[in-house]
Amino acid sequence: MFAFKSENTYFLVNLNNFLFVIIFKKCLGLVMQDRQNKTIVRMWFRFTLILSFSLIFSVDLGDLRNFPLVNLQPLLADASKVDSKKVAINSNNLRLSAINESQKVRDLQDSFNVLGDLKKLWESKLEDSPQSALGLKQIGEIYISLAMTNYRHAKSSIFIGDEQEAGQLKKLALEYDYNALNYLQESINLARINNDKLTEIKALFYSISVAQRLGIETIRKVDMQEAIALFNQFPDSSKKVYLAIELAQLIQVFPDDSISPLAQCPKGKTELKTEIILKQAIKIARKINDIKALSFALGSLGHFYECQNDYKQALRLTEQALLEYPKNSTAYKDWEQSLYLWHWQIGRILKAEKNTVAAIKAYERAITKLTFTDDYLNLNRNIYKIGSNNGNTYELIYRELLGLRIQRILENPHEKQQQLNATINTLDSLKQLELGNYFSQSYFYENFAIKSSSNNDYSANDYPRKVENRYTSNNLYNLSLRQELKPELKSELKSKLNDSSTAIFTSIIFPKKIIIIVSLPNGEKRYDVIEIESENLRQQIKEFRVGLEDRGNPTYYPKQGEILYNWIIRSFEAELERKHIKTLVFVQDGILRSIPMAALHDGKHFLMEKYAIANTLSLHLTDTTPYNRKKMRMLALGITKDAIVNNRKYEALRNVLSEITQAIASIPNSKYLLDENFTRDRVISVFSQNFYPIIHIATHGEFSSSPEKTFLIAGNNQKLTIPDIENLIGKATNNQQKVELLTLTACQSAIENDRAALGFAGVSIQAGVKSAIASLWSIDDAGTAKLISRFYKHWYREGMSKAQALQKAQQELISLGGKYTHPFYWAPYILVGNWF
């Protein structure tokens, strides 16, 4: 099937190979006859794009009915005898089709709420509305965002060894990119018809980026020529300055995984044309006296020289970008938030010059400028950020700062304690940021705003005339040497470590090494550096999990567990013994979140046999306030019947009734809701009558690397999404107090990778849960019933801490012998949050 337009009618034509050849020859003939006709050239390249798309994805070309083409009817004259089926779609139906497509995108990622506005733009006919070009461009932008999200998730899946999921995600990302290109090309055509030059050039910019990512060099080159020609037609203005910055970035080719063109260097040799355009931007900004535009132009040229390793020029221009900031102007208040770009750039330059102390300070200044509100996420759209992600950019800043702190420790061991404290502070902020980035919800940033790791912040009025003084003076060195945890966080962490038998293990994963930091009860810190490539780490962890989940082999060989034990625990063994440590709390990074520390092996025993174990995403977000045991009661929710959700059948959980019965028997005044009684409305109704500090949910569920794919199954085939879970647990409690414990059990409630583990922890935190228990992989519900009933007995009746109760339950499951000695049955249960 192929799409073409005649007057107000779109036709779908069934084309065989013969007809493809005819059109191909006709298009080529027209191109050769009139090479200067850009419409004809554009038609030619888009036609070849459609052919490529159909061949790559084996997609019926009729699915591309909205793809922009000029009138092809004259080209079909020679094919008039070819039998074809024509399906007419009037312009109104086309409009509705576009709205439906927009709605699908919104369902996939409802954070793109701009689609609601786009619907209004489509109320008039496509050809007649001057705003249609803008609406199409915005839809293209949404598809780009979806594509980049899936590319990023595909990369995460590759890292954890899930090649199949990575392939699916990448294919979906490519489809989104092709959809984006579709809408952008139509936007370009309509903008040209309506003489909307700004929309046309912005759509061209986006199209160039997507075409480059898809490897469609012909479209990239044609669009680039048109963009440059159109740019030269703009009069000198602020818009032209920002367009120049965008164009300069587009001329360069950045790595596929580039987060932002203002933070990373392009591949290969940098184009000289980039320097010329940026100097032109600076000249225009000075001419029109636009200080804000001038700052961005100076900083962008500074980044150009940074990538050329001309650090003297780069530092000079970046400092000028900061100095242009109008300190006393309220009109530029929001602009101050974007200054993190230039502080960060100075930090990278100083890092390249081996000035670690000054670089750390520059990174700290950058962090003070980061803001996490909706206003910020919409800020500075003039800066070209195709494919960039604010959350990922922020994470990169924090991780680079962490690397500098570790480098400083290695350079100056006498600073170890101060820098380790600062490192943990920075890492804790990063964990909060990761959680916010996972959920992409601005209110999380507002509630858990990441604070500066510096004790010596300054106001805008403190800017000295010479920026280099701030980074290279003796005062700066002294301030950095005294860098410690902020007083409020230090006090909070001290109270959480008052338990003299608990040690906190914190991991940081770098591309070529892992840093393990151990916080001991007396406030002392120890650290170890494990030199290992990230790919080797990924492979070792993959093999470890495969062995743990291989229940088909009755004999478990702990070799992989011993390798990880040697990396993470071995060098701290003696210190843990001397301090009489009984509980280990792990603040894990990245892929380490996806494995159970309980199954690490010292060559003789599992780690769980010696220590109680817990996990936490962030010490700052862990609520360790005591609870009133006398007021404990449980609400148990479960599914015992088959369920069908998303066209997938989930088998009945035959041991859930036994599990729930045993669970509530351990705790007086408890209640349970099964099957049809386990619904959103019923749970809220029950909570409105009594508060239940313990919630036990025995049902199927999925914890995915994507929030939108994370859910639990309720009665009547209902699906509980992350917002549903938060509403049920959070709002239903009527803010009386936090839920003490959330337990999720069932054979499909598995946390299969590091992002899923992050999401599980995040659900707990957002819903106001102090502690949560779930499994890292799917297990049978019979084993779950045995372990969980023992956990409740030891925790509630015998007064053990949650970590100790889980340890005891795991040990007792092993003592049953037979299959339960295999870690498959007891290792996956993890405790997250409050371990007391």
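**Loops, cores and ring contacts in a predicted model**

Asparagine 717 is found in the loop between strand E15 (711-713) and strand E16 (719-721); helices (H or I, at least four residues) and strands (E, at least two) are DSSP runs, numbered from the N terminus. The model is predicted, so local features need pLDDT of at least 70 and side-chain atom pairs count only at pLDDT 80 or more, while totals for chains, interfaces and linings use all residues. Residues are numbered from 1 along each chain as its sequence is written, and side-chain values use heavy atoms, with hydrogens and water left out.

Although asparagine 717 is not a glycine, its phi is positive, about 60 degrees. With 41% relative accessibility, asparagine 717 counts as partly exposed; buried means under 20% relative accessible area, exposed over 50%, and partly exposed in between (1.4 Å probe, protein chains only). A positive phi of about 65 degrees also occurs at asparagine 647, again not a glycine. Asparagine 647 sits in the loop between strand E10 (643-645) and strand E11 (648-650), and is exposed, at a relative accessible area of 82%.

The largest nonpolar core contains 99 residues, and Val241, Leu247 and Tyr340 have the most contacts inside it. A second, separate core has 80 residues, among them Ala599, Ile694, Tyr792 and Trp795. Such a core is a set of buried Ala, Val, Leu, Ile, Met, Phe, Trp, Tyr and Cys residues joined through side-chain atoms within 4.5 Å.

Tyr340 also takes part in a ring contact. Rings of Phe, Tyr and Trp (its six-membered ring) pair if their centres lie within 6.5 Å; planes under 30 degrees apart count as stacked, over 60 as edge-to-face and the rest as tilted. By this rule there are 17 aromatic pairs. In one of them, the rings of tyrosine 340 and tyrosine 394 have centres 5.9 Å apart and planes at 80 degrees, so the pair is edge-to-face. Tyrosine 340 belongs to helix H13 (residues 340-352) and tyrosine 394 to helix H16 (residues 390-411), so the pair ties together parts 54 residues apart in sequence. Tyrosine 340 is buried at 2% relative accessibility, and tyrosine 394 is buried at 1%.

Phenylalanine 687 and tyrosine 692 form another edge-to-face pair, with 5.9 Å from centre to centre and 80 degrees between the planes. Phe687 is one of the buried residues of helix H27 (residues 680-689), together with Val683 and Val686. These three cover an arc of only 100 degrees around the axis, which puts them on the same side of H27; the arc is that of the directions from the helix axis to the C-beta atoms. The face turned away from the buried side of H27 carries the exposed residues Asp681, Ser688 and Gln689.

One disulfide is found in a search of the whole structure, where the term stands for a pair of cysteine sulfur atoms within 2.5 Å. It joins cysteine 265 to cysteine 307, with S to S 2.1 Å. Cysteine 265 lies in the loop between helix H9 (238-251) and helix H10 (272-288) and cysteine 307 in helix H11 (residues 291-307), so the bond ties together parts that are 42 residues apart in sequence. The torsion about the S-S bond of cysteine 265 and cysteine 307 is about -90 degrees, so the disulfide is left-handed. Cysteine 265 is partly exposed at 34% relative accessibility, whereas cysteine 307 is buried at 18%.
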